[in-house]
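Please look over the model below before reading on.

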Amino acid sequence: MLDYLVVGLGLAGVSFCEVLEKHGKSFHVISDNSQQASLVAGGLYNPVILKRFTMAWEADRQMELAMPFYEALENKLGTPLDYKIPVLRKFASIEEQNLWFEAADKPGLDKFLSTKIIENANANIDAPFGLGEVLFTGRVDTQVLINSYSKHLNTKGLLSEETFDYQRLEMDSNQVSYKSIKAKYIVFADGFGLKNNPFFKYLPLNGTKGELLKIKAPQLNEKSVIKSSVFIIPLGEHIYRVGATYKWKDKTNEPTEASKHELLKKLETFLKCDYEVVEHVAGIRPTVVDRRPLVGVHPKHDSVFCLNGFGSRGVLIAPFASEQLFQYIENGKALHPETDIMRFKEKYFTS
């Protein structure tokens, strides 16, 4: 009998599997790659909400865990994943500069916000009021991470690439059984697929569609991430990722012309050189009504767990939430109260 059966192999599934390997636990993964959010994500990690110049939720603790986590994954998988890239926030006015300086004086933010205004030296970027630099930022190549980790699991015979059939799952007090697999616990790390999960579809996972572009801009020659009304992330070879949109009604993974037009209209407010669109992708972020992750045990089934709801900050949240869930299951340590799915039991759960 295995220790764990894991359903889903996005950032949540990869992170939880890595925690299991670190602690010597046996497991098997089932994934059909139907959820695209982790594969198409920008992959930025940045502890600051750049719209309001505030710290993201628990970002300091998450950064402490995430940096060694991805470094260890690079060494294990033998491929670069974590690219240290400055994130520069374009200022729209002198007032925004002043707000930046005020934020940089606040405890916690002071170590992440540079107090030096960067004069724009790129003739192809319109930034007359300069830029502010966020420190200790970068980009994880989530597509390479997930594809490489899938190969790693396949090599060990630990991955079944198929759609999970809920009708085949059986449970008793000591184990779960799925086809020929028996395990002590099952963890659903199924992203927006949770909406079709009979165990956890009661949870208020809204889902937000995000669309991103890749452009080729040979004249741009920018090595930093530029954040304005959209972000531009340099990927090398004159290729840049541009994003992202936030749509709450459309729950498909299909790119739309309307969102492409929206992104390009915003991009052209500050990009001053020619470019060519070379890719357009979409995915549904697993976002929650209170903007906190969904972590914990099913209200009635002690062997069934949820790891979800990372929204647009999965690169930082995934290692943090995965370690929390593992310690909760194995050692009885309390979950962070803002992530525990029991916060929704009274309002949303019906037997």
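1. Glu18 and Lys76 form a salt bridge, with their closest N and O atoms 2.8 Å apart. The pair links distant parts of the chain: Glu18 belongs to helix α1 (residues 11-22) and Lys76 to helix α3 (residues 59-77), 58 residues apart. Keep in mind that this is a predicted model.

2. Are these two partners buried or exposed? Glu18 counts as buried because its relative accessibility is 10%, and buried means under 20%. Lys76 has a relative accessible area of 33% and is partly exposed.

3. Lys22 forms a salt bridge with Glu323, the closest N and O atoms lying 3.3 Å apart. Lys22 is in helix α1 and Glu323 in helix α7, so this pair ties together parts that are 301 residues apart in sequence. Lys22 is exposed at 60% relative accessible area, whereas Glu323 counts as buried at 16%.

4. Helix α7 covers residues 314-331. At 1.5 Å a residue, its 18 residues should span 26 Å, and the 24 Å between its end C-alpha atoms agrees with this. Of those 18 residues, 15 are buried, so α7 is largely enclosed by the rest of the structure. Just after α7, Gly332 has a positive phi of about 70°.

5. Lys84 and Asp82 also meet through their side chains in a salt bridge, at 2.7 Å from N to O. Lys84 is exposed, with a relative accessible area of 57%, while Asp82 counts as buried at 15%.

6. Salt bridges with shared partners join Glu18, Glu21, Lys76 and Lys156 into one network. How many salt bridges does a search of the whole structure find? The search finds 19.

Terms used. Residues numbered from 1 in each chain as written. Predicted model: local features only at pLDDT ≥ 70, side-chain atom pairs only at ≥ 80, totals over all residues. Heavy atoms only, no water. Helix = DSSP H or I, 4+ residues; strand = E, 2+ residues; numbered from the N terminus. Expected span 1.5 Å × (residues − 1). Buried < 20%, exposed > 50% of the residue type's maximum accessible area, 1.4 Å probe, protein only. Salt bridge = Lys/Arg side-chain N within 4 Å of Asp/Glu carboxyl O.
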